[in-house]
Structures are given as structure tokens and as C-alpha cells.
Amino acid sequence: AAQDARTEDAAKAAGLAVVERYDYTFKEGREPHICTLVCARSEDVAAGTARGSMLVRGGDGSFTKAHTEFKEYMLEVSGAALAR
């Protein structure tokens, strides 16, 4: 789960610094369920972590604007939009 301290501890144990962290909450009112990390070798980056988050579904169960925009962007950059 996103709140598990082992998520970032594993990167640090491998000599990596967490450069960016994004937490994803699947439904409004819940805690973040997963996270993604962008890591780099500790000696190659300045200290500090940029943080972001995304709510996937609102309280009514519909996808949020942020999720829809992110999905459309990922389809575009991956070329999947061309395959439709």
C-alpha cells in the first residue's frame, strides 16, 4: 500500500534517492492505495522529493477529470490513440 514505509526504504537501501512520488487514490474518501516513484542514484540528484497525487474516482464513482486527462495523455504518447 502507498502508506507502507518500505516503499521508499527499499529505494534508499539500494542507494537511490526518491526524486518524485505520486500517490493514487482509487475512490474519494479512501487513503492512497498505490504509489509510483521516480528514483535516481543518490549522488546524481539534489536532496528533496517532488510529490503529487491523483484521485481516480470521485465520490459518485465516476472518473475524475484529472484521471481522464492523464489517461488520454498516456494513450497519446504511447501511440495507442492511433491504433483506435
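This is a predicted model: local features need pLDDT of at least 70, side-chain atom pairs count only at pLDDT 80 or more; totals for chains, interfaces and linings use all residues.
**Overall fold**

The protein chain holds two helices and three strands. Along the sequence they follow the pattern α-β-β-β-α. The chain is more spread out than a compact globule, because its radius of gyration is 16 Å, well over the 12 Å that the globule rule gives for 84 residues. The C-alpha trace spans about 40 × 35 × 15 Å along its principal axes.

Burial is given by residue. Of the 84 residues, 19% count as buried. The chain exposes about 6,000 Å². Carbon and sulfur atoms supply 54% of that area. Contacts were also sorted by sequence separation. Among those between residues at least 6 apart, 50% join residues at least 24 apart.

**Salt bridges**

Seven salt bridges turn up in a search of the whole structure.

| Pair | N to O distance |
|---|---|
| E8 and R21 | 2.8 Å |
| D23 and R21 | 3.0 Å |
| D44 and R41 | 2.7 Å |

Take E8 and R21, which meet through their side chains. E8 lies in helix α1 (residues 6-13) and R21 in strand β1 (residues 16-25), so the pair ties together parts that are 13 residues apart in sequence. Both residues are buried. For R21 the relative accessibility is 8%, under the 20% cut-off for buried.

R21 also forms a salt bridge with D23. D23 is buried too, with a relative accessible area of 18%.

How exposed are D44 and R41? D44 is partly exposed, at 47% relative accessibility. R41 is partly exposed as well, at 48%. Elsewhere, salt bridges that share partners join E8, R21, D23 and R51 into one network.

**Helix α2**

Helix α2 covers residues 65-78, which makes 14 residues. At 1.5 Å a residue it should span 20 Å. G79 follows α2 and has a positive phi, near 85°.

Y73 is found in α2. Its relative accessibility is 48%, so Y73 counts as partly exposed. Y73 also contributes to a nonpolar surface patch, together with F70, M74 and V77.

Notes:
Residues are numbered from 1 along each chain as its sequence is written. Side-chain values use heavy atoms; hydrogens and water are left out. Helices (H or I, at least four residues) and strands (E, at least two) are DSSP runs, numbered from the N terminus. The expected span of a helix is 1.5 Å times one less than its number of residues. Patches are made of residues with over 30% relative accessible area and no salt bridge: like charges are joined within 9 Å, nonpolar side chains (Val, Leu, Ile, Met, Phe, Trp, Tyr) within 5 Å. Accessible areas come from the Shrake-Rupley method with a 1.4 Å probe; for residues, only the protein chains shown count as cover. A salt bridge is a side-chain nitrogen of Lys or Arg within 4 Å of a carboxyl oxygen of Asp or Glu. Buried means under 20% relative accessible area, exposed over 50%, partly exposed in between (1.4 Å probe, protein chains only). The radius of gyration is taken over C-alpha atoms; the globule rule is 2.2 Å times the number of residues to the power 0.38. Contact means heavy atoms within 4.5 Å.
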